[in-house]
Amino acid sequence: MSAKLEHWFADKQHRLLAWRKWRKALETQDQTAFLESVAEWWKFVPLVNRSIDPWTAETWPTAWELVGSGEFCKNAQGLGIFYTLVLSGINCRLVYAYFKDRSDAKLLVIVDNNKVLNYSDGEVLDLKNTEFDIHSTWQSSDLARLVKV
């Protein structure tokens, strides 16, 4: 899938419509292609230093508020990937992970306990090929107030 970028720089309504249309277009893909498309699409969000606090889930925006805002940090990227997968019926969990080798932490998405998204921009990696410690974990049911399917 070739990522189009214009929706990220459009108004809120256009971003939300583009996100919905794109999610619907993914429904015909197998899971591997689906995950690769999701990783690529979220790779191109406009990045800012900080748009959400990964330590305080109570303050996180809903899926529609996040996409509508048009501003994403690395953690919001992970949250957006998680929202996209949950709304598409993909079994996944969101984790706040710490990377010892780079003294960094961010939200990652783990799918079926074997694939990781948001570890590296635009890539879907095998869990066994990644190294991080998990500090917090959320299932879709934990964030039901933010993303209803």
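**Notebook: a first look around the chain**

I started at Lys-21 and found its place in helix H1. I am working with a predicted model, where local features need pLDDT of at least 70, side-chain atom pairs count only at pLDDT 80 or more, and totals for chains, interfaces and linings use all residues. Residues are numbered from 1 along each chain as its sequence is written, and side-chain values use heavy atoms, with hydrogens and water left out.

**Entry 1: Lys-21**

I then looked from Lys-21 across to Ile-90: the two are 69 residues apart in sequence, and their C-alpha atoms are 17 Å apart in space.

**Entry 2: the whole chain**

Next I stepped back and listed the elements. The protein chain has 4 helices and 5 strands, and from the N terminus on I read them as α-α-α-α-β-β-β-β-β. Helices (H or I, at least four residues) and strands (E, at least two) are DSSP runs, numbered from the N terminus.

What does the radius of gyration say about the protein chain? The chain has 14 Å, which agrees with the value near 15 Å that a compact globule of 149 residues would have. That radius is taken over C-alpha atoms, and the globule rule is 2.2 Å times the number of residues to the power 0.38. I also noted the span of the C-alpha trace, about 40 × 35 × 30 Å along its principal axes.

I looked up burial too: 46% of the 149 residues count as buried.

Of the contacts with a separation of 6 or more, 59% are between residues 24 or more positions apart. A contact means heavy atoms within 4.5 Å.

For charges, I found 18 positive and 19 negative side chains, with the centres of the two sets 4 Å apart. Lys and Arg count as positive and Asp and Glu as negative, while His and the chain ends are not counted. Each charge is placed at NZ of Lys, CZ of Arg, CG of Asp or CD of Glu.

**Entry 3: the tryptophans**

How many aromatic pairs does a search of the whole structure find? It finds 13. I looked at Trp-8 and Trp-41: the ring centres are 4.7 Å apart and the planes stand at 50°, so this pair is tilted. The rings of Phe, Tyr and Trp (its six-membered ring) pair if their centres lie within 6.5 Å; planes under 30 degrees apart are stacked, over 60 edge-to-face, and the rest tilted.

Trp-8 sits in the segment before helix H1 (12-26) and Trp-41 in helix H2 (residues 31-43), so their pair ties together parts that are 33 residues apart in sequence. Both Trp-8 and Trp-41 are buried.

Trp-8 also forms a tilted pair with Trp-42, at 5.5 Å centre to centre and 55° between the planes. Trp-42 belongs to helix H2, so this pair ties Trp-8 to a part 34 residues apart in sequence. Trp-42 is buried as well. I wrote down one aromatic cluster, formed by Trp-8, Trp-22, Trp-41, Trp-42 and Phe-72.

**Entry 4: His-7**

His-7 is in the segment before H1 and is buried, with a relative accessible area of 6%. Which residues touch His-7, leaving aside neighbours within four places in sequence? I found His-14, Arg-15, Ala-18 and Trp-41.

**Entry 5: loops among the strands**

I ended in the loop between strand E2 (104-111) and strand E3 (115-117), where Asp-112 lies. Asp-112 counts as partly exposed because its relative accessibility is 38%. Not counting residues up to four places away in sequence, Asp-112 touches Gln-31 and Asn-91. Its C-alpha atom is 9.8 Å from that of Leu-127, 15 residues apart along the chain.

Most residues other than glycine have a negative phi. Asn-113, in the loop between E2 and E3, has a positive phi near 55° and is exposed, at 54% relative accessible area. Asn-118, in the loop between E3 and strand E4 (124-126), has a positive phi of about 80°. Asn-118 is buried, with a relative accessible area of 4%.

Technical notes
Buried means under 20% relative accessible area, exposed over 50%, partly exposed in between (1.4 Å probe, protein chains only).
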